[in-house]
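Please consult the sequence and the structure shown below.

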Amino acid sequence: MWSSFEGGEEEAKKSVMGKFKRVCVYCGSHSGNRKIFSDAALDLGTEMVERRMDLIYGGGSIGLMGLVSQKVYDGGCHVLGVIPRALVPIDISGHAVGEVVIVSDMHERKAEMASRAEAFIALPGGYGTMEELLEVIAWAQLGIHDKPVGLLNVDGYYDFLLGLFDKGVEEGFIKPADRNIIVSAKTAKELIQKMEDYIPLHDQVAPTRSWNAAEPDAINS
């Protein structure tokens with residue numbers, strides 16, 4: 001009887017519900033040249049499973065996106081891939097992991113992922129990953145959403161990008177408060193903890209509710 005209780009207590013410790021349930025992960029369709037990047041993707045997947053977080057991602061099964069999606073799926077959490085019709089062929093994106101939503105183009109893909117997610121995390125990746133990351137940062141600045149945006153800075157991969165943001169503040173193109181939109185850390189555990197503690201400090205260009213208005217207001221000239 002006692003051992004059964006201990007076992008249940010141990011399982012409860014292993015699985016702690018996170019502050020947000022659905023996380024959108026941006027990452028490369030390549031694994032990179034060093035094992036540390038693959039290890040980081042698997043570590044993020046493990047952290048998400050332990051916190052019972054579902055995954056929303058770009059829909060492929062190759063590279064880092066394949067590693068993190070398979071890890072989350074195997075851990076019993078829901079995986080949703082959103083993929084444009086042009087990228088559906090298996091020779092481009094690989095076999096699908098979990099549930100798949102096929103959309104018409106990249107714009108619809110990003111909008112669908114963003115609307116379903118409660119938080120965003122970027123692993124190392126190329127142009128596509130960086131573009132998606134910068135867009136959700138800009139959307140937060142504009143007030144389109146107030147969700148935490150996290151950057152998993154594996155072995156300093158994003159040091160130069162973070163330095164560019166700091167340079168933008170120094171030169172007067174980015175407000176200091178807006179620099180705080182992006183949360184970064186070297187490990188998945190530290191990053192998720194920072195994101196759960198995140199409190200927006202910046203002034204939104206327009207309030208979030210105004211972006212969600214059903215009908216546009218007419219402007220009389």
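Arg22 is partly exposed, with a relative accessible area of 34% (buried means under 20%, exposed over 50% and partly exposed in between, with a 1.4 Å probe and protein chains only). Residues are numbered from 1 along each chain as its sequence is written. In this predicted model, local features need pLDDT of at least 70 and side-chain atom pairs pLDDT 80 or more, while totals for chains, interfaces and linings use all residues; side-chain values use heavy atoms, without hydrogens and water.

**Salt bridges**
- Arg22 pairs with Glu118 in a salt bridge, with the closest N and O atoms 3.2 Å apart (a side-chain nitrogen of Lys or Arg within 4 Å of a carboxyl oxygen of Asp or Glu).
- This pair links distant parts of the chain, 96 residues apart: Arg22 is in strand β1 (residues 22–26) and Glu118 in the loop between α5 (106–116) and β5 (119–122) (helices are DSSP runs of H or I with at least four residues, strands runs of E with at least two, numbered from the N terminus).
- Glu118 is partly exposed, at 26% relative accessible area.
- Glu47 and Arg51 form a salt bridge at 3.5 Å, N to O; Glu47 is buried at 6%, and Arg51 is buried at 13%.
- The whole structure holds 14 salt bridges.

**Helix packing**
- Helix α2 (residues 35–50) packs against helix α3 (residues 63–74) at an angle of about 25°, with axes 8 Å apart.
- The two helices α2 and α3 are therefore roughly parallel (angles under 35 degrees).

Methods:
Axes fitted to C-alpha atoms, helices over the stretch in contact; angles between N-to-C directions. Parallel < 35°, antiparallel > 145°, perpendicular 65-115°, else oblique.
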